[in-house]
Amino acid sequence: MTDKGNGLYEFDGVSFVLGTEVNCNGQQGGRSRRVHVLILAPGLEIASLITDSLSTKGKLASDGRPTVHLTPRQLLETLLHIDDQIILIPAHVWTPWFGIFGSKSGFDSLEECFGDLKQHVLAIESGLSSDPAMNWQIPDLDNVSIVSFSDAHSAPKLGRELTKFEGELSYQGLFDDIKNQNIHSTMEFFPDEGKYHSTGHRKCGVCWSAEDVCQNGELCPVCGRKLTLGVSHRVEQLAKRHVETWKDEFGFTLAANGRPAFKSVVGLQQIVAEGLRRGVNTKGVTDLYFTLVNEFESE
Ligand SMILES: [Zn+2]
Ligand SMILES: [Zn+2]
């Protein structure tokens with residue numbers, strides 16, 4: 001990896017920025033909160049200062065996404081003391097357990113979570129279960145960038161959701177783009193494909209839309225316990241307005257609000273699985289997927 005001297009590191013023609021995901025686990029407003037956030041750092045020196053500072057707050061080496069015993073606000077304050085170019089982005093903001101707006105331990109606004117530091121939150125990540133159009137309904141998010149990044153649990157999922165920035169290819173360029181919503185577009189999965197989009201109980205086989213919950217209540221018809229309120233339900237709870245959207249000739253979804261457009265995409269492996277009516281990770285699907293990719297040289 002070569003240090004390009006502008007906060008980016010290059011390997012095999014690809015530029016990387018230093019970043020990680022952290023699980024914030026702390027008490028706030030009389031409740032215990034668990035919120036995932038992304039941290040981007042402007043260079044290795046700053047990154048090691050972050051590591052030093054957070055090493056007293058949790059076991060950083062225990063997990064790829066370590067837990068720190070801080071609220072997101074305390075974490076942000078710590079980071080800003082180290083360097084004001086560090087970027088903190090609440091991750092997959094709507095997911096029930098670990099999203100900043102999640103139904104389990106989340107908050108109702110960025111203000112409630114970050115208080116006076118709210119202005120330093122420059123972006124939120126839409127996650128796999130929501131798209132920008134859902135987030136446009138929340139006035140609280142008008143002044144932050146809505147970014148999308150990939151699920152890094154396994155290699156085939158890398159780069160599936162992404163953000164195309166307009167500015168200069170440097171850390172400063174990235175910082176400015178995030179700050180100024182200087183984004184060309186994002187690529188998104190269809191939110192209803194996301195694991196947490198609907199309300200329900202996986203084990204009980206219950207999968208409800210926000211409307212079903214309105215009609216039937218929040219209790220599981222199978223086991224009687226409270227259902228896990230999904231992303232669509234939570235967005236509906238916090239939405240303050242309806243936003244009309246349309247698609248342009250290139251398939252990008254737009255609105256009159258002038259926010260960056262997005263495109264909804266489906267992975268090739270998913271399409272093959274639908275065609276063969278088999279599971280995405282089955283051998284038949286994987287084999288045909290690789291046959292196609294080899295034939296056409298890329299996905
Ligand atoms: Zn996460
Ligand atoms: Zn149940």
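Predicted model: local features only at pLDDT ≥ 70, side-chain atom pairs only at ≥ 80, totals over all residues.
Residues are counted from 1 along each chain as its sequence is written, while chains are lettered from A and ligands numbered from 1 in the order in which they are written. Local features need pLDDT of at least 70, side-chain atom pairs count only at pLDDT 80 or more, and totals for chains, interfaces and linings use all residues; side-chain values use heavy atoms, without hydrogens or water.

**View 1. The zinc ion (ligand 2) and its protein donors.**
Look for His 201 (ND1), Cys 204 (SG), Cys 220 (SG) and Cys 223 (SG), which lie 2.1 to 2.4 Å from the zinc ion (ligand 2). Donors are N, O and S atoms within 2.8 Å of the metal (3.2 Å for Na, K and Ca); water is not among the atoms, so sites may look incomplete. The arrangement is tetrahedral because the 4 donor atoms subtend angles of 101 to 120°; for four donors, the term requires all angles to lie between 85 and 135 degrees. Along the sequence, the donor residues follow H-x2-C-x15-C-x2-C. His 201 is buried at 13% relative accessible area, and Cys 204 is partly exposed at 22%. Here buried means under 20%, exposed over 50% and partly exposed in between (1.4 Å probe, protein chains only).

**View 2. The zinc ion (ligand 1) and its donors.**
Glu 21 (OE), His 36 (ND1) and His 92 (NE2) coordinate this zinc ion at 1.8 to 2.2 Å. Their spacing along the chain is E-x14-H-x55-H. Glu 21 sits in strand S3 (residues 14–28) and His 92 in the loop between strand S6 (87–90) and helix H3 (110–114), so the pair ties together parts that are 71 residues apart in sequence. Helices (H or I, at least four residues) and strands (E, at least two) are DSSP runs, numbered from the N terminus. His 92 is buried, with 17% relative accessibility.

**View 3. An open sheet of 5 strands.**
Follow the order S9-S10-S15-S14-S13, where the pairing is mixed; two strands pair if DSSP finds at least two bridges between them. Strand S9 (162–165) and strand S13 (245–247) are the edges, each pairing on one side only. Within the sheet, strand S14 (residues 252–255) and strand S15 (residues 261–265) pair in the antiparallel sense over 2 bridges. Thr 253 has Phe 262 in S15 as its bridge partner.

**View 4. Cys 214, a cysteine in no disulfide.**
The structure holds 0 disulfides (pairs of cysteine sulfur atoms within 2.5 Å). For Cys 214, the nearest cysteine sulfur is that of Cys 207, 16 Å away. Cys 214 is exposed, with a relative accessible area of 65%.

Terms used: Tetrahedral: all angles 85-135°; square planar, octahedral: opposite > 155°, others 65-115°.
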